[in-house]
Amino acid sequence: MHRGITGHYEANHTVGEPVRAFIPDPLPPEPPLEFTPARSLRLERAHLALGRLDSISLLLPEPNLFLYAYVRREAVLSSQIEGTQSSLSDLLLFELEGAPGAPFDDVVEVSNYAAALEHGMARLQEGFPLSNRLIRGMHGVLLSRGRGSGKAPGEFRRSQNWIGGTRPGNAQFVPPPPHRVEGCMAALERFIHDEEAPYPTLIKAALAHVQFETIHPFLDGNGRIGRLLIAFILHEGGVLSRPLLYLSLYFKRHRSEYYRLLDRVRFEGDWEAWVDFFLEGVEETATNAVQTAQRLVALFKEDAARVQSLGRAAASALRVFDILRERPLLTLGEVCQRAGLTFPTATKGMKALETLGIVREITGARRGRVFAYDRYLAILNEGAEPI
């Protein structure tokens, strides 16, 4: 369906040169989305995959273990799209106080993202509505330290930004002028909560993501907050009991197509091509998340059985192993603190796990040694290697 441009331009002369800033039309699209049999089938398949993802999170013996690790994997992937070169191991090392070896600026950015995600989840669980206030709160955490901390954390922008190019005049895309941001975001919030809107939650998430990226309401961090918005809409809309769907790996692998389709929506009104791409990403991502959770459960079961075969040494080793399932990168001090073990007992348990090949010491130091649960980290690292 050919709709043409999905907004209008407004001149902005406040940036030292005349610029045409784009203001998107409010959602939902007009005319409405066209649902062909093929598109309806894609929607059904995506919903089934999300149902399986929601079931696995309920069936896991300890879903919070999976959530902790999966959130950090998402933090790494989403930040990589913005150009950081931090790995999952860098992030986990950084979160161990005093552990060496992580590049500061990049890993702070990733750590902030994990904190912003957890901040948002905690607020939703407290009954806080998904709102512009919540989005600004998450943004405040995202830019609380490191790069970007001087770019108005937690506030909608009061100056013109742009995408691509060196200035607004030669940019690939210029979002709405600052005085339009509040109104655009208020309209987006109304759409997210509009129970009369003729679309299921999954389609609303697809439309809202594009609208958010088009408004680009912050001076920095728009991409990361826009990707989080998808998971939070699905959670608040009752599609997922936990906000566990993160599309960053899919967007990372299809970056050029992702940006091309955003532009096609803006300038040609081709919402359908974007929705098809989005639904395929949801199905692929949810399916992969289920497989990851199943592989981790199988890994924990297999390794726990190996530890239990140790006989008398099994008791201390199992207590250390339980902590490594929570945190796959640890110092002995952390093990003592989390498991309530003495240092000699923790050392003995870790040595037993090292002998079995379950853990590996990664620093080569005598003091402050760090142990890694290698196979666990390897599963999480798939696709999360720096770009």
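First, a term: on a 1 Å grid over the protein atoms alone, a cavity is a set of points where a 1.4 Å probe fits but cannot get out, and its lining residues have an atom within 4 Å of a point. You're looking at a predicted model, where local features need pLDDT of at least 70, side-chain atom pairs count only at pLDDT 80 or more, and totals for linings use all residues. Residues are numbered from 1 along each chain as its sequence is written, and side-chain values use heavy atoms, with hydrogens and water left out.

**Stop one: the largest cavity.** Select Leu-60, Glu-62, Leu-65, Val-297 and Phe-300: of the eleven lining residues, these lie nearest the centre of the largest cavity. Now colour α2 (63-81) and α11 (271-308), the elements that give two or more residues to this lining. The largest share, four residues, comes from α11. Helices here are DSSP runs of H or I with at least four residues, and strands are runs of E with at least two.

**Stop two: Glu-361.** Jump to strand β4 (residues 359-361), where you'll find Glu-361. Is Glu-361 buried or exposed? Glu-361 is buried, yet has no salt bridge. Buried means under 20% relative accessible area (1.4 Å probe, protein chains only), and a salt bridge needs a side-chain nitrogen of Lys or Arg within 4 Å of a carboxyl oxygen of Asp or Glu. Select Arg-369 too: this nearest side chain of opposite charge is 5.3 Å away. Next, show Val-370, whose backbone nitrogen lies 3.1 Å from a polar atom of the Glu-361 side chain.

Conventions:
On a 1 Å grid over the protein atoms alone, a cavity is a set of points where a 1.4 Å probe fits but cannot get out, and a pocket is an open set with protein on both sides within 12 Å along at least five of seven lines; lining residues have an atom within 4 Å of a point. Buried means under 20% relative accessible area, exposed over 50%, partly exposed in between (1.4 Å probe, protein chains only). Lys and Arg count as positive and Asp and Glu as negative; His and the chain ends are not counted. A polar contact is a pair of N or O atoms within 3.5 Å; within protein, one must be able to donate a hydrogen and the other to accept it, and residues adjacent in sequence count only if both atoms are side-chain atoms.
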